[in-house]
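Please look at the chain below and follow it through its elements, its core and the surroundings of its ligand. The account keeps to what can be read from the model itself.

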Amino acid sequence: MFDSLNNFITFDIENKFLIIQNLPIMKTTTSVFFLVCIVSIFTFSRCTMQTGENQAAPEVAAKPDYNGYESREAWGEHLVTVGGCNDCHTPKKMTPHGPDLDSSLMLSGHPAQMPPPDIDRKEVEQKGLVVTQTLTAWVGPWGISYAANLTSDATGIGNWDESNFIRAIREGKYKGLEAGRDLLPPMPWQMYKHLTDDELKAIFAYLKSTKPINNVPPGAQQPVSAAP
Ligand code: HEC
């Protein structure tokens with residue numbers, strides 16, 4: 001019988017139908033009310049516990065922020081593209097529509113076997129600058145500079161760590177070494193140094209993921225005449 005909460009909890013399943021049938025309407029209503037209360041309290045406490053767990057969860061599984069890109073490398077590739085790095089670090093090939101990036105040599109710098117332009121360097125140093133059609137070797141008042149290999153190969157940035165890269169861009173140091181010489185024009189590190197740490201890390205992660213291309217560009221050359 002559903003006379004009390006105790007009876008209600010321990011009722012005989014086999015007789016359930018008959019007992020309910022025999023209950024006065026008041027008792028049935030009271031019992032159902034009790035049942036609803038107990039179920040509600042239990043459900044509410046479970047919900048509160050679960051809400052507590054769910055509130056803590058986002059901190060543990062916080063999704064890294066790559067500025068809307070699905071990975072750090074993808075973000076870095078975007079920054080390299082819009083930052084114009086390929087303009088100087090990727091050799092060009094001529095097409096009917098003018099020079100275009102040589103996609104087989106992406107970011108590999110000035111090709112080692114390509115000689116510098118055959119010009120009167122003294123005259124060029126005094127009058128302006130000359131650049132190869134690949135846009136990778138630059139002759140000017142600073143001498144000759146050759147765009148570096150930025151691919152993941154050991155002849156590129158393969159052996160660099162993140163701090164080398166950040167120092168190269170922030171302080172304009174060759175190979176990102178503290179004692180490295182100052183980087184020459186036209187590498188625009190004075191502009192790129194304003195990139196945030198996260199942006200520089202993204203660029204470096206992307207460069208580390210590039211196809212390795214073995215290429216050692218020639219060393220930079222001093223000007224032939226005294227600097228103006
Ligand atoms: C206008 C041409 C130009 C652009 C654009 C350019 N670079 Fe350079 N970069 C150079 C040249 C030339 C050198 C070699 C300078 C030297 O030898 O002193 C160089 C050197 C570097 C170095 C140092 C390499 C070493 O071995 O020390 C890094 C790193 C670098 N560039 C990264 C980048 C990145 C990343 C971008 C794009 C965000 C970029 N560069 C855009 C021309 C350019």
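Asparagine 67 is found in the loop that lies between helix H3 (25–60) and H4. In this predicted model, the phi of asparagine 67 is near 55°, a positive value in a residue other than glycine. Asparagine 67 counts as exposed because it has 12 C-beta neighbours inside 10 Å, and a residue is exposed if 12 or fewer such atoms lie within that distance.

Just after H4, glycine 84 takes a positive phi of about 75°.

For orientation, consider the chain as a whole. The protein chain has 9 helices and 5 strands. From the N terminus on, these elements run α-α-α-α-α-β-β-α-β-β-β-α-α-α. Of the 228 residues in the protein chain, 21% are buried. Among contacts with a separation of 6 or more, 60% are between residues 24 or more positions apart.

The largest nonpolar core has 24 residues, and those with the most contacts inside it are Leu150, Phe165, Ile203 and Leu207. Two or more residues of this core come from each of helix H4 (72–82), H5, strand E4 (137–140), strand E5 (143–146), H7 and helix H9 (197–208). H9 gives the most to the core, with 6 residues. Leucine 207 is in contact with Leu150, Ser152 and Ile157, leaving aside its neighbours within four places in sequence.

The strands come next. Strand E1 (residues 92–95) and strand E2 (residues 98–101) pair in the antiparallel sense over 4 bridges. E1 and E2 form a hairpin, with 2 residues between them. Within this pairing, the bridge partner of methionine 94 is proline 99 in E2.

An open sheet of 3 strands has the order E3-E4-E5, and its pairing is antiparallel. Strand E3 (130–131) and E5 are the edge strands, each pairing on one side only. E4 and E5 pair in the antiparallel sense over 4 bridges. Glycine 140 stands opposite glycine 143, which is in E5. In a regular strand the side chains alternate between the two faces of the sheet.

Leucine 135 lies in the loop between E3 and E4. Its phi is near 60°, again a positive value in a residue other than glycine. Is leucine 135 buried, exposed or partly exposed? Leucine 135 counts as partly exposed because it has 19 C-beta neighbours inside 10 Å, whereas a buried residue needs 20 or more.

A cis peptide bond joins proline 185 and proline 186, with omega at about 0°. Proline 185 is partly exposed because 14 other C-beta atoms lie within 10 Å. Not counting residues up to four places away in sequence, proline 185 touches Gly140, Trp142 and Ser145. Proline 185 and tryptophan 138 are 47 residues apart in sequence, and their C-alpha atoms are 8.2 Å apart in space.

The last topic is the ligand. Which residues are closest to the ligand? They are Gly83, Cys85, Cys88, Ala148 and Met187, from a total of 23 residues that surround it. The largest share of this shell comes from helix H5 (residues 85–89), which gives 4 residues. By type, the residues of the shell divide into 17 nonpolar, 4 polar and 2 charged.

Terms used
Residues numbered from 1 in each chain as written. Predicted model: local features only at pLDDT ≥ 70, side-chain atom pairs only at ≥ 80, totals over all residues. Near = placed C-beta within 6 Å. Nonpolar A, V, L, I, M, F, W, Y, C, P; charged D, E, K, R; others polar. Contact = placed C-beta atoms within 7 Å. Core = buried A, V, L, I, M, F, W, Y, C linked by C-beta atoms within 7 Å. Pairing = 2+ DSSP bridges.
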